[in-house]
Structures are given as structure tokens and as C-alpha cells.
Amino acid sequence: MQIWAGFMTALVAISLWGGAAHVFSESVLVASPSGVWAFVSSNSGLLVRATLTTAQNAALGFVWGNIAAVIMAGLVTMQPRAERVVSASALVIFCLPLVATGPILRVISGPGSAPQIALAGLAVYYTTYLALLVGLRAMPRSWSDLMSVYGRGSFMTLITVRARASLPYLFAGLQIAAPAAFLGAMIGEFTGAERGLGVLTLRAMRGLDVDATWSLALISATVAVLAYALVGRIGERLVGYAPVIILSPPKPPTRRNIWPGIAEMVAAALFLLLLWQVAMDVFQLNRFFAKRPGDVVRYLAADADARLTLWVALKETMAATIPGFLSGLLLGAGLAVAVILFPKATRVVLPVAVALRSIPIITTAPLIVLALGRGATGTITVVAVMIFFPTFVACLQGLRQAPQQIIDVFHTYGAGPVRVLGAAQIPAMMPALFASAKMAVPAAILAVTTTEWLATGKGIGVLMALTSTTSNYNMLWSCIVAITLVAVVMYAAVLWAERMVLAIYASEQLT
Amino acid sequence: MTYLMHPTRRSFLSTGAAALGAASFGLPAGADDRKQVNFQLSWLHSVQFGGSYIAQKSGYWSDQGLAVSLTQGGPNAPVEPPVVSGTALVGISAADYTAAAVAQGAPFKIIAVAMQKNPFAIASLSANPVNAPADLVGKKIGMSVSNTPVLQALCALNDVDINQIEIVPTQYDPAPLVSGQVDCLLCWETDLPVAMTIQGVDNTTMLMADHGYSVHSQTYIATEDSIANRRAELVGLLKGEIAGWNDYLADTKAAAVLTVDMFPDAGLDLPTQVLQAERQVPLMFSDLTAANGFGWFTDETVAANVETLALLGREVGPDLWDRSLLEDAHA
């Protein structure tokens with residue numbers, strides 16, 4: 001049945017596509033299915049080699065990134081006190097713009113595929129870390145009590161009990177990581193790689209080769225969707241079931257006294273600054289491009305023009321990020337609600353949404369911008385699209401978590417579907433929506449900087465990219481700091497809004 | 001892991017290891033004796049670097065005792081950092097980028113100049129052509145805003161009021177010109193116009209270098225430290241380049257074919273490469289190079305560069321250029 005639905009969806013999509021290509025045949029935006037087929041069949045050898053190269057780097061990054069995630073999650077589970085510092089650092093490193101980290105990794109590693117692998121790893125470790133952190137704690141209290149009774153320490157508990165309890169969660173995380181690794185590897189190829197899908201995408205975009213751009217978008221989307229499905233299938237085989245989990249950092253216990261929280265924030269910030277300084281000193285990176293925290297402070301303090309340039313670019317970037325972020329969340333939640341009201345739509349919409357959320361942003365961004373123009377609308381749409389799908393999937397799961405007994409009570413009183421939705425299902429969805437909003441912060445920043453850099457030529461993304469002609473590495477590092485601070489502030493704002501809303505709708509979540 | 005070490009230590013270790021290997025196994029002198037050198041190109045592989053591929057393929061660098069790896073550039077692969085840090089011995093830059101890097105503290109010298117004429121051009125449709133800077137008045141020009149200083153310099157050199165030109169921010173693609181959103185584009189002589197010609201769009205180009213815009217392009221840069229301590233390798237690398245580019249001039253089509261063959265994974269198209277190879281000849285070879293050899297520059301061309309760079313807001317002196325290695329290579 002599901003295969004049938006998928007087949008029908010694909011058929012509808014292709015005929016819509018063909019129709020659109022016919023309508024827009026005068027423009028240079030939409031490739032026709034026949035044009036794509038011609039490109040793929042006449043370049044099949046090239047495309048196969050490129051796909052294999054990118055997939056191989058993505059796979060290596062996937063392995064390394066996830067190993068790092070497992071080590072971090074294990075560490076935090078054994079030493080819960082370290083959690084705030086580790087989690088905050090992990091978030092900040094995840095938010096670092098790939099546009100900026102790429103060239104630095106290239107200089108450190110020289111020629112070869114190290115940057116592609118490293119960027120693929122960087123793209124996956126955070127989601128796996130979060131999933132695993134939830135999983136390692138998803139263990140009945142009585143089990144850990146039993147372990148203590150037998151005199152076992154936290155390490156043995158981790159290995160013998162927690163690790164097994166966490167497997168379903170690990171696989172849920174790995175499933176999200178698979179397409180992300182592919183995207184990371186493609187962006188890594190922009191740093192001067194010799195071959196791969198990213199290199200071909202670059203040429204196709206520069207040459208305005210629409211058939212090639214669409215072919216590459218389709219191929220990379222297919223590979224990403226297959227990777228997603230494959231990891232899901234392996235997980236099902238090994239674990240037996242897929243848990244419904246919502247990726248959100250576990251909430252630390254609330255405290256009346258805010259000072260320990262502030263102290264931990266300061267510790268995390270100091271730790272990151274130290275990491276920055278020490279990493280550069282250890283690798284003896286040249287100060288010409290590898291600026292230290294002190295260099296950035298001195299640069300911004302001394303140069304008023306630089307502060308103004310940075311501020312103007314940051315405003316431009318935020319003018320696209322915030323509307324895109326909010327509309328992506330609203331649309332995702334809105335469609336989830338619509339699907340609940342019209343349950344028959346689910347079978348068609350859900351597989352499509354799962355597939356679409358795996359499509360690498362760098363292949364879709366230029367197409368969206370081509371269609372909607374280089375103004376704010378194009379960028380906002382890219383950000384919204386990037387956030388929309390994960391939000392939709394999570395919100396749908398959230399809506400379905402509304403307890404059946406409560407819904408039955410409403411039905412007993414003859415309440416209509418809209419009433420049930422407003423009073424029971426939407427409150428049940430709220431935690432899922434906020435969890436998606438938190439994960440959407442880094443995603444929005446990745447989307448906006450990549451689009452600015454590749455397509456629109458505005459804002460922080462392009463200011464960072466300009467460094468390659470001006471050698472103004474002080475500005476590049478200032479941009480990194482600014483964009484990271486923005487991410488942290490947005491994240492904090494989501495946390496704040498979550499507390500406000502959940503205090504009304506789901507106070508049990510705030511314990 | 002070895003990549004992560006400091007370059008000087010790395011080169012010490014690798015030469016040490018090579019010496020150890022040669023000593024313990026008594027290897028005959030040959031390919032193993034060649035010095036490993038990284039050469040950082042400024043952009044993705046294409047016939048733009050055709051002479052270097054010939055040097056590689058024909059063994060001109062091996063003859064000099066060098067094993068050169070050509071590292072391609074890209075939109076997210078700047079040239080200057082690997083050269084500063086010693087990861088690359090030589091990089092391909094341009095006089096304006098080099099001047100900017102030097103202003104930021106990079107100890108670079110320009111040691112040879114591949115493109116005597118700057119490749120920046122104004123491309124227009126032949127039905128509505130821009131043949132001289134004065135034709136720009138009242139026209140809409142599509143360009144990246146970051147290139148505004150380039151247009152300002154052209155206007156200043158030719159007494160054109162830049163306020164009478166409407167700048168439309170576009171990305172680097174020919175679509176706005178073809179679809180009529182703009183009247184002309186600021187681009188390279190050797191890429192977008194070539195792409196348009198291949199697609200059958202009749203176009204006209206005006207080379208900015210023919211109207212006073214003197215900025216050496218595709219320049220070879222090295223650090224002062226390398227010039228002092230790795231002179232033999234630098235001269236050897238330049239000798240290979242000279243031989244390769246002389247072959248290129250003799251048969252540009254062969255260079256295009258070689259480029260497509262050498263990089264089957266780069267997605268290159270032969271007709272485009274052939275046309276690009278022809279188009280860049282007048283930029284790279286002139287009476288000056290005919291008389292003195294590939295890569296040459298003189299006090300006069302340097303003075304013209306210093307003047308144009310000043311218009312671009314880059315204050316440099318003639319000491320940014322160092323011809324001594326090129327003189328050794330041609331000797």
C-alpha cells in the first residue's frame with residue numbers, strides 16, 4: 001500500500017514537473033524531464049564517479065562524526081556536571097558557518113579529502129549527540145538502582161545497561177545524520193576538491209546549465225533519501241522498533257537560584273575561547289588567516305568602519321533569517337494540523353515530506369533563488385523550506401501523542417475535530433514544535449549564509465566569502481563570532497518562549 | 001595527521017624520512033629524489049591553467065627535479081593562506097588580491113605575470129554594443145557590488161562619470177544580459193562571453209586593459225622566506241611553467257584536449273575549452289613576452305600597475321614585484 005502511494009506520488013510529481021517545464025519553457029529556470037534525462041544519459045560515467053566520491057567522503061565523515069557524538073554523550077552521561085559546558089560547546093561548534101570553516105580546514109589539511117570528511121562529520125555529530133543523550137537516559141530508574149546494589153559504577157552501567165537501552169535512539173539520530181553527512185561532504189568539496197557532486201554543482205550553477213543543475217539536485221536528493229531509508233531499515237532490523245523521539249536537549253532541572261546557570265554559561269564561553277586559542281596555537285596556524293580571540297577584539301575595537309560593515313551585513317542577514325525561521329515553523333506546524341484534520345492526506349504527504357527533508361540545500365537554494373529572485377523573498381523561502389520539513393514531521397508526531405482517552409472524552413461530549421484539535425492535540429504538539437525550533441536555529445543559519453554566498457550576494461554570507469579577494473581575515477573571524485552570537489541568542493529566545501508557552505499548555509514538561 | 005603539523009617541521013620530517021629510506025634501501029636516484037612542491041591554482045581546473053598541465057604531462061618539472069602537485073582553487077578555497085603558511089610554495093593570484101594580502105601583513109612578492117593584460121571586460125550584446133568606455137553612459141551594467149572599485153577605476157581612467165551608469169547587482173552569470181535586464185556585464189573576457197558564444201548568443205567585449213586598466217592577473221606569488229630559502233625550487237617551477245606555456249602558445253587546441261583528458265571528473269566541455277584557450281592568448285602573450293619570454297614584466301608595466309592599484313585603493317610600491325627568479329629561469 002505504501003509502495004503504491006509512493007508510486008502514485010512520484011507519478012503526480014513528474015507530470016506536474018513536465019507541466020511546469022512546459023509553462024515556463026521561455027524562462028531559464030525549469031529543466032524539462034527530457035532535458036534532465038538527456039544530461040544524465042550522456043554524462044552517466046561522470047555522474048556515477050562523482051556520486052561515489054561524494055558518498056565515500058560522506059560515509060567517512062558519518063563514521064567519524066558519530067564516533068565523536070558517542071564519546072561525548074558517554075562522557076556527559078558519566079559526568080552529568082559537564083553537560084552544560086559540553087552541550088553548549090557542541091551547539092556553538094555546530095553553528096559555525098561551513099562557509100568559514102571550509103577554507104580553514106583546507107589550509108590545515110592541504111590537498112586531499114580531509115576537509116570534505118571533516119565537514120561531513122561536523123554536519124552530523126550534534127543531532128546524533130542529542131538523540132543519544134536522550135537514549136542513554138531512557139532507562140528505568142530501577143535498573144540503575146540494581147546496578148548500584150551490585151556495586152557497579154557509572155562506567156559499567158553505561159556499557160551494560162544504558163548503551164543497549166539507547167540503541168533505538170541512536171538509530172533515530174543516525175537516520176537524520178545520513179543525509180546531513182551528504183550535504184556536509186558536498187559543501188566540503190567547494191574548498192577546492194578535484195571531483196564529486198559538489199564540484200559539478202558549482203560548475204553547473206556558474207554556467208547557468210539548468211539541465212545539469214536539476215540533474216545534480218535530483219541525484220543528490222535520491223542518494224540522500226536512500227541513505228535515510230537504508231539507515232532506518234538497518235535500525236529496524238537490529239533494534240526491532242523505531243521509537244518516536246523528539247530531538248531536544250534534555251532539560252536540566254530547574255533551579256530557583258539563577259547563579260549556577262550563569263556560572264555554567266560563563267564557563268562554556270571561556271572554554272570555547274580557550275579551545276579557539278589553544279587549537280590555533282597547537283597547530284601553529286599562521287596569524288595572517290588564523291586570527292585569535294584577541295585579534296578580533298582589537299580589530300573591532302579599533303575600526304569603526306569595520307563595525308559598521310559588519311552591522312549592516314548582519315542586519316541584512318537577520319532580515320532574511322527571522323522571517324524565514326518563523327514562517328518555516330508556522331508552515332510546518334500548520335501543515336501538520338491540516339493533515340490531522342484530513343487524515344487521508346497523510347499517506348501521500350508524509351513520504352514526500354520525509355524525502356524532501358533529505359534534499360541537500362545547496363542544490364535547491366540556487367533553484368529557489370532563480371525562481372523567486374535575488375531579493376529577500378528568495379532567501380526567506382530557502383530558510384523556510386529548510387526548516388519546514390523537520391518541523392512538519394516532528395509536529396505530526398506531537399499531534400498524535402495526544403492521549404486517546406482525552407480525545408475519547410471530547411468525542412463523548414460530541415466535540416468536533418476542530419475543538420479536539422485546539423483543546424487537546426495542539427497543546428500536545430507544543431513540546432515537539434519547540435524542539436524543532438531549537439534544531440532549526442543552526443539549520444536556518446546554515447541555509448541563510450549558504451544562500452547569500454552562492455546565490456544572492458548579500459549579507460554576512462557574502463561578507464565572509466569576500467575574504468578570499470580582500471584577505472581581510474579579521475573580518476571573517478568577526479563574522480564567525482557575530483553569527484555564532486546570533487545563533488546563541490536565537491536559541492535562548494526559543495528557550496524563553498518555550499517556558500512561557502509550556503507553562504500554560506504543558507506544565508508537566510517543565511518539571 | 002602529518003598534514004596537521006607545522007610546515008617547517010613537516011618538511012623536515014619528510015625529507016628526513018626520505019633520506020632514511022634512500023640510505024637504508026640504497027634506492028637508485030630517480031623519481032624519489034624529486035622535491036615535492038605544492039602549486040596552488042586560483043580557480044577550478046580548466047584550460048586557464050593549460051600551460052601548467054602541459055608542464056606536468058611533458059615532464060618539464062621532473063626535468064627540474066620537482067614533483068609538483070597542482071591544487072585547484074574554488075569559491076571557498078582562497079590562494080593566499082596556503083602560500084603564507086608554506087603549504088603551497090607558489091600560488092596564482094592577481095596584483096590587486098596580492099596587494100590586499102600584503103596590506104594585511106602577508107610577506108608576498110610577485111615573481112612572474114601570466115596575464116599581461118587584465119582579463120576584466122565589459123560584455124554586451126552585439127545589437128547594443130559597448131565598444132568604448134564612453135558608451136557606458138546611460139547604460140545598465142550588471143556586476144557584483146564588490147567589483148564597484150574596478151568600474152570606478154575604469155571611469156576615472158577614461159573621464160566617464162560613474163553616476164551616469166546604472167549599476168545592477170547581479171551574480172556572476174550571463175542570464176541578466178541575455179534576458180535584457182541589463183545592457184552589459186562586468187566579467188572576465190575568457191568565461192561568460194565564451195559561454196554565450198558557445199550557446200549561440202552574439203556578443204561584443206571591451207577589454208578594460210585596452211582602456212588603461214593595468215592590473216597584472218594570474219600572477220605567481222611566493223613568500224619572502226621562500227624566495228630567500230627555496231630559490232632553486234622556485235626557479236625550477238618557473239622554468240617548467242615557461243616551457244609549458246610556450247607549448248601552449250604553439251598549439252592551444254592540444255592544450256584544451258589535454259585539459260579535458262586530465263580532468264575527466266571536472267565536467268569540462270571541449271568546445272568551450274578550445275574557445276577559452278584561444279581567447280586567453282592575447283591576454284598572456286604580447287610583444288613584451290615575445291621579446292623577453294613568458295611571464296615578463298618591466299619597470300614601466302609595474303609603474304602602470306602601481307598607478308591603477310592606487311585608483312583601486314591599494315597603495316603599493318614597485319618592490320611588490322621581484323623579477324630576479326624569472327631572470328634566472330630565462331637565463
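Strand 3 (90-93) and strand 10 (217-223) of chain B pair in the antiparallel sense over 3 bridges; here, two strands pair if DSSP finds at least two bridges between them. Helices (H or I, at least four residues) and strands (E, at least two) are DSSP runs, numbered from the N terminus. The model is predicted: local features need pLDDT of at least 70, side-chain atom pairs count only at pLDDT 80 or more, and totals for chains, interfaces and linings use all residues. Residues are numbered from 1 along each chain as its sequence is written, while chains are lettered from A and ligands numbered from 1 in the order in which they are written.

Within this pairing, B:Gly91 has B:Ile221 of strand 10 as its bridge partner. Strand 3 of chain B is also joined to strand 1 (residues 35-40) of chain B by 2 bridges, and these two run parallel. There, B:Phe39 stands opposite B:Val90. In a regular strand the side chains alternate between the two faces of the sheet. In strand 3 of chain B, B:Val90 and B:Ile92 point one way and B:Gly91 and B:Ser93 the other, and all are buried (20 or more other C-beta atoms within 10 Å of the residue's own; 12 or fewer is exposed, in between is partly exposed, and C-beta atoms are placed from the backbone).

Strand 3 is also a neighbour of helix 4 of chain B, whose buried residues pack against it. Among the buried ones are B:Asp96, B:Tyr97 and B:Thr98. Their packing partners include helix 14 (299-311) of chain B and, from the other chain, helix 20 (467-470) of chain A. Just after helix 4, B:Gly105 takes a positive phi of about 105 degrees.

Where do the two chains meet? The contact takes 39 residues from chain B and 42 residues from chain A, two residues being in contact if their C-beta atoms, placed from the backbone, lie within 7 Å. Strand 2 (66-71), helix 3 (80-85) and helix 4 (95-103) of chain B each supply at least two residues of the side that touches chain A, and helix 3 gives the most, with 5 residues. By class, this side of chain B has 20 nonpolar, 16 polar and 3 charged residues (Ala, Val, Leu, Ile, Met, Phe, Trp, Tyr, Cys and Pro count as nonpolar, Asp, Glu, Lys and Arg as charged, and the others, Gly among them, as polar).

Chain B also holds an open sheet of 5 strands in the order 7-6-8-5-9, with mixed pairing. Strand 7 (166-169) and strand 9 (203-207) stand at the edges with a single partner strand each, so one side of each is left without a neighbour in the sheet. Inside the order, strand 5 (residues 120-125) and strand 8 (residues 184-188) of chain B pair in the antiparallel sense over 5 bridges, and B:Ala123 has B:Leu185 as its bridge partner.

Turning to chain A, there are 21 helices and 0 strands. Buried residues make up 47% of its 511 residues.
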